[in-house]
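Welcome, and please take a look at the model below.

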Amino acid sequence: MRYIIAIIASILCCDVISATYYVATTGSNSNSGASGSPWATIAKGVTNLVAGDTLIVSNGVFNEYVTVANSGTLANRITVQA
């Protein structure tokens, strides 16, 4: 019984709430990054990502250098996708 309680406790304490953010050429870096309020640059997007988050980049040309500073985990990866 203690073993089952320990497993449940470890799952609950490690639950990661992930978020999805958006980048579009028509966005603004002062926006929230939500689908209706995207950021303008990929660099702005990746600085806000934490383990489990996803950044969706819309069609367009983004002429910038991007460095991902935060890390995901094996179970909660950081995803950047088109």
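## Terms and ground rules

Two strands pair if DSSP finds at least two bridges between them. Strands (E, at least two residues) and helices (H or I, at least four) are DSSP runs, numbered from the N terminus.

This is a predicted model, in which local features need pLDDT of at least 70 and side-chain atom pairs count only at pLDDT 80 or more, while totals for chains, interfaces and linings use all residues. Residues are numbered from 1 along each chain as its sequence is written, and side-chain values use heavy atoms, with hydrogens and water left out.

## The chain as a whole

The protein chain holds 2 helices and 3 strands, arranged along the sequence as α-β-α-β-β. Of its 82 residues, 21% count as buried (under 20% relative accessible area; exposed is over 50% and partly exposed in between, with a 1.4 Å probe and protein chains only).

Contact here means heavy atoms within 4.5 Å. Among contacts between residues at least 6 apart in sequence, 47% join residues at least 24 apart.

## The sheet

The 3 strands make an open, parallel sheet in the order β1-β2-β3. Because β1 (20-23) and β3 are at the edges with a single partner strand each, one side of each has no neighbour in the sheet. On average, neighbouring strands are turned by 20 degrees against each other, direction ignored (axes are lines fitted to C-alpha atoms, for helices over the stretch in contact, and angles run from 0 to 180 degrees between N-to-C directions).

Between β1 and β2, the parallel pairing runs over 4 bridges. Y22 stands opposite I56 in β2.

D53 sits in the loop between α2 (42-47) and β2. Leaving out residues up to four places away in sequence, D53 touches I17, S18, A19, Y21, N48, R77, I78 and T79. A polar atom of the D53 side chain lies 2.8 Å from the backbone nitrogen of A19.

## N70, between β2 and β3

N70 belongs to the loop between β2 (54-57) and β3 (79-81). Is N70 buried, partly exposed or exposed? Its relative accessibility is 32%, so N70 counts as partly exposed.

N70 and N48 are 22 residues apart in sequence, with their C-alpha atoms 8.5 Å apart in space. Beyond its neighbours within four places in sequence, N70 is in contact with V46, T47, L49 and I78. The side chain of N70 also reaches the backbone oxygen of L49 at 2.7 Å.

Terms used
A polar contact is a pair of N or O atoms within 3.5 Å; within protein, one must be able to donate a hydrogen and the other to accept it, and residues adjacent in sequence count only if both atoms are side-chain atoms.
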